[in-house]
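Colleague: Could you walk me through a few spots in this one? I'd like to hear how you read them.

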Amino acid sequence: MFPGGSGKTLSAREYDLIIVGGGLVGGGLACALRGAGLRVAVIEATSPGAATHPSYDERVIALSWTSRRILEGIGLWPRLGTDAEPIRTVQVSQRGGCGEVWIDRRAEAVDALGHVVPARVIGAAIHDRLANATDIVVHAPARVVDVRVTPQWAELEVDQSGLIERLRARLIVAADGGDSSVRQRLGIAVRERPYGQDAVIATVTPDRPQVGAAFERFTESGPLALLPMTDGRWSLVWSVPQEQTAGVLALSDQDFLARLQTGFGYRLGRFVRASSRRAFPLVQRLAGEASTPRVALIGNAAHTLHPVAGQGLNLGLRDVAALAEVLVAAHRAGGDLGRAAVLGAYRSWRRRDQTEVAATTDFLARAFIGGWAPLRQVRDLGLLGIEFVPVLRHQLARRLMGRAGRQTRLARGLPLEVQDG
Ligand SMILES: Cc1cc2nc3c(=O)[nH]c(=O)nc-3n(C[C@H](O)[C@H](O)[C@H](O)COP(=O)(O)OP(=O)(O)OC[C@H]3O[C@@H](n4cnc5c(N)ncnc54)[C@H](O)[C@@H]3O)c2cc1C
């Protein structure tokens, strides 16, 4: 615990900025700020490269078109290399219905709507990029155990292998995930809505190769996504009611594939192989504010979403791009990075995107559950309406690609900082 008001102070290591959480989003922010002239610390609870890393696990991520631009701008994209599989079309449909929507890269005039990359590959790219950065200090494994904000500083107590160290900066960024301890310790309000579902993930292989299509299919139990991976494999994310999860995980591969076949149909032929499965509990968590004095929240610490439509990390990367842009401009202008005007600029920039994406994913996760015939017909009409009204289809495509709303410099393919001259 921090010493009370006795006046006793321990000397604290100082940085311009401290990022709590070196996952995909916190690590991404550190990469974005590399070379920006700031002294940055990243505090990450898990050892680098640990198989149990909570951010770089078996998840496979559908990165949007905008996320690719951001990752290019922060130097990570070339490192994803041959592991990134392009998405050229997306089909949205529901089981037992006739309505479906096709989104095609050609209608959006892009080479790919997005790319599919294993989370571990993105994590390794972040790790490599930070490994020899002289302006970024990574404390790992190290856990933030206390946070205090004063008018001038944000101060942290960090437990590094049993040794408690104090660090301080003008600004701390909470990138410590859905259970953010920074958010909790500072008493930042959060709205929590459990879905009563788990996302079961697996890698599956069908016998009919199909290049570049991603599928989002609404089944009675919940949304089912199949994302194309390299080598003819597909990443499955299937939301199931929590009471069914243990049973689904316990199925033999053969029975699991038969169940998948019933839910998805034969668009990819017959499923012949499945990896081991893992389940993630699904809950939406939205922080009341994306910043409070001397603290900014990004990624899952600010918004944890249902994985339908694969938006969580994409939204987090847009937080990264906006916050990095605001911070670099503030640093260039001189003065305090944690001042209210800087945080206000970040918060107001991100509010609309965060709110709209959270509302859309929540709507999709809830409205498309259940097989009640009249409701299914309404959903069919909705899908048909989107398919046959190009402007609606285009809007959906822009949302999936992360192109809606005010774009950051990185998302526009520009360097983070306005160049002189
Ligand atoms: C099944 C599934 C599929 C998904 N698919 C997609 C997809 O296709 N596309 C997409 O965009 N998103 C997807 N997502 C969402 C995406 O995975 C998350 O949004 C993203 O990983 C969040 O990253 P983060 O860095 O904000 O949080 P986290 O990954 O939770 O990272 C937080 C980090 O903080 C560290 N930490 C926590 N507490 C402390 C502490 N006290 N001190 C120090 N460090 C700490 C942790 O060790 C961790 O490394 C999916 C999610 C799920 C569950």
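**Helix packing and a buried arginine**

Modeller: Arg166 sits in strand β11 (residues 163-174), strands being DSSP runs of E with at least two residues and helices runs of H or I with at least four, numbered from the N terminus. Keep in mind it's a predicted model, where local features need pLDDT of at least 70, side-chain atom pairs count only at pLDDT 80 or more, and totals for chains, interfaces and linings use all residues. Residues are numbered from 1 along each chain as its sequence is written, and side-chain values use heavy atoms, with hydrogens and water left out.

Colleague: Is Arg166 buried or exposed?

Modeller: Buried means under 20% relative accessible area, exposed over 50%, partly exposed in between (1.4 Å probe, protein chains only). Arg166 has 7%, so it counts as buried.

Colleague: How are α8 and α9 oriented to each other?

Modeller: The axes of α8 (residues 312-333) and α9 (residues 340-367) come within 9 Å and cross at roughly 165°; axes are lines fitted to C-alpha atoms, for helices over the stretch in contact, with angles from 0 to 180 degrees between N-to-C directions. Angles under 35 degrees count as roughly parallel, over 145 as roughly antiparallel, 65 to 115 as roughly perpendicular and the rest as oblique. That makes α8 and α9 roughly antiparallel.

Colleague: And how do α2 and α8 lie to each other?

Modeller: Helix α2 (residues 65-73) packs on α8 at about 40°, with axes 9 Å apart. The pair is therefore oblique.
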